[in-house]
Protein chains: 2
Amino acid sequence: MAGLIGLDWGTSSLRAYRLDAGTVAEVRARPWGIRQLPEGGFDAALAEVTAGWPALPRLACGMVGSRNGWCEVPYLELPTDAVTLGRALHVFVAGDGRALHLVPGLRNPQGPDVMRGEETQLFGAMARDPALAAHATVVLPGTHSKWASVRDGAIVDFSTAMTGELFALLRRHSILNAGGDEGAPAPDAFARGVLAARDSGAAGGLSRLFSARALMLDGMLAPASVPDYLSGLLLGEELRAQIASGRFRIDAPIQLIGDAALCARYREAAAHFDLSFAQPWVDVVADGLWQLAVAAGLVAEPLAMAPKEARSC
Amino acid sequence: MAGLIGLDWGTSSLRAYRLDAGTVAEVRARPWGIRQLPEGGFDAALAEVTAGWPALPRLACGMVGSRNGWCEVPYLELPTDAVTLGRALHVFVAGDGRALHLVPGLRNPQGPDVMRGEETQLFGAMARDPALAAHATVVLPGTHSKWASVRDGAIVDFSTAMTGELFALLRRHSILNAGGDEGAPAPDAFARGVLAARDSGAAGGLSRLFSARALMLDGMLAPASVPDYLSGLLLGEELRAQIASGRFRIDAPIQLIGDAALCARYREAAAHFDLSFAQPWVDVVADGLWQLAVAAGLVAEPLAMAPKEARSC
């Protein structure tokens, strides 16, 4: 049976998947992102996380292929489909004498912009849903939130919003850190922030950042609600700006991929924009690694997943 | 002769002016902002900074009147002219048994937004230039950059952009801190950032923040030039957003007030927007304190500064 070891190796974590014929047979998670490796570095991490697994082909995506990773892999330019990306896999020999394949990140000349790891999730999403692969917008919220446009099985455009990182910075270090303790969730404050961004007009939602302070001084916003207001303002601004860019399809349901609680916030914000979001997916990276491994010929595509060959029988 | 002790008392510094008939006779500066007072607190700071000066009326503006200041003074609502603000001065008895007058900050229901200290500078600017007082835009760049609209001697609108604070946060704590040492000034990178913001369209300039990283990874921006690019992007976004808001007059020269080097950056950025900025003023707070003291009747207006009375002679 065709098998693969897939690795999602990011800045702060490592997940290993043992795949059988495209299905996850076993998962292991370690806190060994590329900046916090165990003693022995990349080789030791790889040996431990795959210990006891058969000697299957190995494919990794994410920051492991960045300048500060194990082996730098140049970005591949947009547009790209699974076949093109599969052909561009980088291969090198790890310390154990066996090959490790790496997925290149993607570069969008528009922006310019870059991603590393999300491309694999996007191919996983397309494998799950052919209608999505035909033409859709996929959003991966997070520290650096990615909006991507997929069409005819290819990634054709994407844009990064630094929403998560800005929220953390403003919350921890700015004057908008009201000194209030984290209070109970304040959905009203969140919605108010979303609306402030939505209605900011051409000036843009971040021109309203200081309103978080003014509202608090006014007594119109409890100090403990400032983080929720700020979260709403930043998420709302991300939605406003990405819609206003005109680069992403919004007349079909948008697919969210990511942490369930964060995706729920995006759907809550989206309701104020008259956007339709499909039921989120938590994780599709294993599907993507499998797709790219098939495209690269690292694994034989099982019959059930290869309609063409199946048809030829 | 009419005299006044004027105090510009902010978060991180204290400046005291001894004024004779509206002219600065002596200035003293101390690092005693409201968050870093000397032993003995506000009273000791006031005693030391005015030591040896005659017992003149005392008027202070700035964060000294905020919640974390000496004595909280409620904000006054826009619009307001010098007479209205002069009548709203708050007076209390300091530890030395003598009165200290405080200038209220202003609140703009649009935003909402607040200022404390800048209102005094705005009245100083209007006193210096009657054409400006008739109808103009005044910009006070800084941590919290203020754009104000003045008309017929009144402050009628203002808006805060957190440009300086965002720059410091992104520079110190974000992924855009490339780890590069501060390099030589990179005017090209600054201009490139300004243009990226200007040409960002409806999505807004901050949607381009991540381009600082992508350009660096691309080798299209030297790590040491990232801060200048970021500075250009943030200043450019401030200009773009405030112009796009439609709230501020741009068909007459805009008056800058503030640090000379920072004002020079704003003028450089403004050139890409076809905006006209007048020669900046470094400091007009003493003029403003005098104007408000006159309006409040704290000092007698000298003949030279009172055209109406002069005319009646």
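In this predicted model, the C-alpha centres of domain 1 and domain 2 of chain A are 33 Å apart. According to the domain assignment, domain 1 of chain A is made of residues 3-129 + 291-312, and domain 2 of residues 161-273.

The model holds two copies, chain A and chain B. Where they meet, 29 residues of chain B are in contact with 29 residues of chain A. On the side of chain B that touches chain A, the elements giving two or more residues are strand S10 (113-115), strand S13 (154-161), helix H5 (163-173), helix H7 (211-217) and helix H8 (226-244) of chain B. H7(B) gives the most, with four residues. By type, the residues on this side of chain B divide into 16 nonpolar, 10 polar and three charged. Of the interface residues of chain B, 100% are also interface residues in chain A, so the copies meet through the same surface.

Next, the sheet in chain A. Five strands form an open sheet with mixed pairing, in the order S6-S13-S12-S11-S14. Strand S6 (80-81) and strand S14 (255-256) of chain A are at the edges and have a single partner strand each, so one side of each lacks a neighbour in the sheet. Strands of a sheet pair through backbone hydrogen bonds, in either the parallel or the antiparallel sense. Strand S12 (residues 145-151) and strand S13 (residues 154-161) of chain A are antiparallel and pair over seven bridges. Arg151(A) in this pair stands opposite Ala154(A) of S13(A).

The corresponding region can be followed strand by strand in chain B. Strand S11 (residues 135-140) of chain B is joined to S12(B) by six bridges, and the two run antiparallel. One pairing between them is that of Ala136(B) with its bridge partner Val150(B) in S12(B). S11(B) and S12(B) form a hairpin with four residues between them, and Gly142(B) in the turn has a positive phi of about 160°. S12(B) is also joined to S13(B), by seven bridges and again antiparallel. Here Ala148(B) stands opposite Phe158(B) in S13(B). How much of strand S12 (residues 145-151) of chain B is buried? Six of its seven residues are, and the strand is mostly covered.

The hairpin of S12(B) and S13(B) has two residues between the strands. Asp152(B) lies in this loop, and its phi is near 50°, a positive value in a residue other than glycine. Asp152(B) counts as exposed because 11 other C-beta atoms are within 10 Å. Asp274(A) also has a positive phi, of about 60°, although it is not a glycine. Asp274(A) is located in the loop between H9 and helix H10 (285-295) of chain A. With 8 C-beta neighbours inside 10 Å, Asp274(A) is exposed.

Helix H1 (residues 41-49) of chain B has the buried residues Phe42(B), Ala45(B) and Leu46(B). Seen down the axis of H1(B), these fall within an arc of 95°, so they line one face of the helix. They pack against strand S2 (14-20) and strand S3 (23-30) of chain B.

Two loops remain. Val73(B) lies in the loop between strand S4 (58-61) and strand S5 (76-77) of chain B. Leaving out residues up to four places away in sequence, Val73(B) touches Gly65(B), His90(B), Leu102(B) and Pro104(B). In the loop between strand S9 (106-108) and strand S10 (113-115) of chain A is Pro112(A), joined to Gly111(A) by a cis peptide bond with omega of about -15°. In chain B, a cis peptide bond joins Gly111(B) and Pro112(B), with omega of about -10°.

Conventions:
Residues numbered from 1 in each chain as written. Chains lettered and ligands numbered in written order. Predicted model: local features only at pLDDT ≥ 70, side-chain atom pairs only at ≥ 80, totals over all residues. Buried ≥ 20, exposed ≤ 12 C-beta atoms within 10 Å, placed from the backbone. Arc of directions from axis to C-beta. Contact = placed C-beta atoms within 7 Å. Pairing = 2+ DSSP bridges. Domains from an automatic or database assignment. Nonpolar A, V, L, I, M, F, W, Y, C, P; charged D, E, K, R; others polar.
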